[in-house]
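Have the viewer open as you read.

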Amino acid sequence: MGSKYTKRYTDELKRDAIALVGSSGKTVTTVARELGIGSESLRGCYRKAKADRCEGTLGELSSAEREELKRLRRENREQQQTIEILKKATAFFVKKSDR
């Protein structure tokens with residue numbers, strides 16, 4: 001079980017650490033130890049940065065694609081709710097016109 005207080009790293013520190021991993025040839029774990037960052041946190045940031053530069057693994061989404069997917073899912077959910085409301089309204093008016 002992890003700590004209830006999660007460390008937050010600045011964007012500048014993340015950028016510098018990612019650049020150091022890319023330019024130094026050192027492993028993510030080594031750079032993380034040197035900078036006092038959690039290795040899994042840095043590894044996640046590094047993967048995300050690679051995906052954003054289209055260098056990630058096949059099927060990995062970039063940040064822009066993730067945001068678009070989130071937006072489209074929200075839009076889809078709203079449209080499904082609208083459809084359900086319209087179905088109920090149609091059933092109500094059909095029932096009312098039968099009287």
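## The largest pocket

Asp11, Lys14, Arg15, Ile18, Ala19, Cys45, Lys48, Ala49 and Arg53 form the lining of the largest pocket. Two elements each give two or more residues to that lining: helix H1 (11–24) and helix H3 (39–52). H1 gives the most, with 5 residues. By type, the lining splits into 4 nonpolar, no polar and 5 charged residues. The pocket holds about 160 Å³ of space.

On a 1 Å grid over the protein atoms alone, a pocket is an open set of points where a 1.4 Å probe fits, with protein on both sides within 12 Å along at least five of seven lines; a cavity is a set where the probe fits but cannot get out, and lining residues have an atom within 4 Å of a point. Grid points are joined across faces, edges and corners, and the volume is the space filled by probe spheres set on the points. Ala, Val, Leu, Ile, Met, Phe, Trp, Tyr, Cys and Pro count as nonpolar, Asp, Glu, Lys and Arg as charged, and the others, Gly among them, as polar.

## What kind of model this is

This is a predicted model, where local features need pLDDT of at least 70 and side-chain atom pairs count only at pLDDT 80 or more, while totals for chains, interfaces and linings use all residues. Residues are numbered from 1 along each chain as its sequence is written, and side-chain values use heavy atoms, with hydrogens and water left out.

The protein has 4 helices and 0 strands, giving the pattern α-α-α-α along the sequence. Helices (H or I, at least four residues) and strands (E, at least two) are DSSP runs, numbered from the N terminus. Of the 99 residues, 11% are buried (under 20% relative accessible area; exposed is over 50%, partly exposed in between, with a 1.4 Å probe and protein chains only). Among contacts (heavy atoms within 4.5 Å) between residues at least 6 apart in sequence, 33% join residues at least 24 apart.

## Helix H1

The 14 residues of H1 should span 20 Å at 1.5 Å a residue, and its end C-alpha atoms are 20 Å apart, which agrees. The expected span is 1.5 Å times one less than the number of residues.

Which residues of H1 are buried? They are Ala17, Ile18 and Val21. Down the axis of H1 its buried residues fall within an arc of 100°, so they line one face of the helix; the arc is taken over the directions from the helix axis to the C-beta atoms. That buried set packs against helix H2 (28–35) and H3. Glu12, Arg15 and Ser23 are exposed on the other side of H1. Just after H1, Gly25 has a positive phi of about 80°.

## Helix H2 and Leu35

In H2, Val28, Val31 and Ala32 are buried. They cover an arc of only 100° around the axis, which puts them on the same side of H2. The buried residues of H2 pack against H1 and H3.

Leu35 sits in H2 and is partly exposed, at 37% relative accessible area. Leaving aside residues up to four places away in sequence, Leu35 touches Ala17 and Leu20. The C-alpha atoms of Leu35 and Ala17 are separated by 7.8 Å, with the two residues 18 apart along the chain. Just after H2, Gly36 takes a positive phi of about 75°.

## Tyr46 on H3

Tyr46 lies in helix H3. Not counting residues up to four places away in sequence, Tyr46 touches Ile18, Val21, Gly22 and Val28. Tyr46 and Gly22 are 24 residues apart along the chain, and 9.0 Å separates their C-alpha atoms.
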